Amino acid sequence: AYEREAIRPHVLGRFANMLLAAESHPAMLFYLDNFASIGPNSVAGITRSRGLNENLAREILELHTLGVRAGYTQDDVISFANVMTGWTLVPPGADPQHGGEFTFNPRLHEPGGQTVLGKRYEQEDVEQGRAVLRDLAAHPATATHVATKLARHFVTDAPPPTLVEQMTKSFRETDGDLKQIA
């Protein structure tokens, strides 16, 4: 379902759209335990013993966007994890028709603004996460990281630097239009 619903519809579209679809897909939220991540100062966080889970935020930064050596810090991971609180699933038992689907639960979301990679995000809802994802998709390190991964997958395990540079340039010039890069 993840590949069919989040990846395939966006393969020849904008990377930012694929990123948002992938990160908000129930399979991703469940696999990386974000469905249970609770902001420590949220309504739910004040009354529950569970807390913040950094898995989704770290995977987005390391694997899906910037890459491991892009210069983000542990503070960026924590702030981004706070941004992603509230991104959860409709409880399956509570709604037989929509159980397991993505939902944003404001009771789980860490209140207040967050700073990720030096930029402040003041939104108080799901738009905070969407804004960070859009900025990550447009980040120059993401262009290089994605271009390198595509070149390794489709061309060779050790792609020529000139190929990666050209793909990176195309990624940035076309606003992450994957069809133009291919």
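What volume does the largest pocket have?

Author: This is a predicted model, in which local features need pLDDT of at least 70 and side-chain atom pairs count only at pLDDT 80 or more, while totals for chains, interfaces and linings use all residues. Residues are numbered from 1 along each chain as its sequence is written, and side-chain values use heavy atoms, with hydrogens and water left out.

The largest pocket has a volume of about 720 Å³. A pocket here is an open set of points on a 1 Å grid over the protein atoms alone, where a 1.4 Å probe fits, with protein on both sides within 12 Å along at least five of seven lines; lining residues have an atom within 4 Å of a point. The volume is the space filled by probe spheres set on the points, which are joined across faces, edges and corners.

Of the 24 lining residues, Phe15, Met18, Val146, Leu150 and Leu178 are the closest to the centre of the largest pocket. At least two lining residues come from each of H1 (2-7), H2 (15-23), H5 (55-64), H8 (140-154), H9 (161-173) and H10 (178-181); helices are DSSP runs of H or I with at least four residues, numbered from the N terminus. H8 gives the largest share, six residues. By class, the lining comprises 20 nonpolar, two polar and two charged residues, where Ala, Val, Leu, Ile, Met, Phe, Trp, Tyr, Cys and Pro count as nonpolar, Asp, Glu, Lys and Arg as charged, and the others, Gly among them, as polar.

The second largest pocket holds about 150 Å³ of space. Its lining has 13 residues, and Arg14, Ala16, Asn17, Arg134 and Ala137 lie nearest its centre. H2 and H7 are the elements that give two or more residues to this lining, and the largest share, five residues, comes from H7. Seven nonpolar, two polar and four charged residues make up the lining of the second largest pocket.

Helix H7 covers residues 126-138, and its end C-alpha atoms are 19 Å apart, which agrees with the 18 Å that its 13 residues should span at 1.5 Å a residue; the expected span is 1.5 Å times one less than the number of residues.
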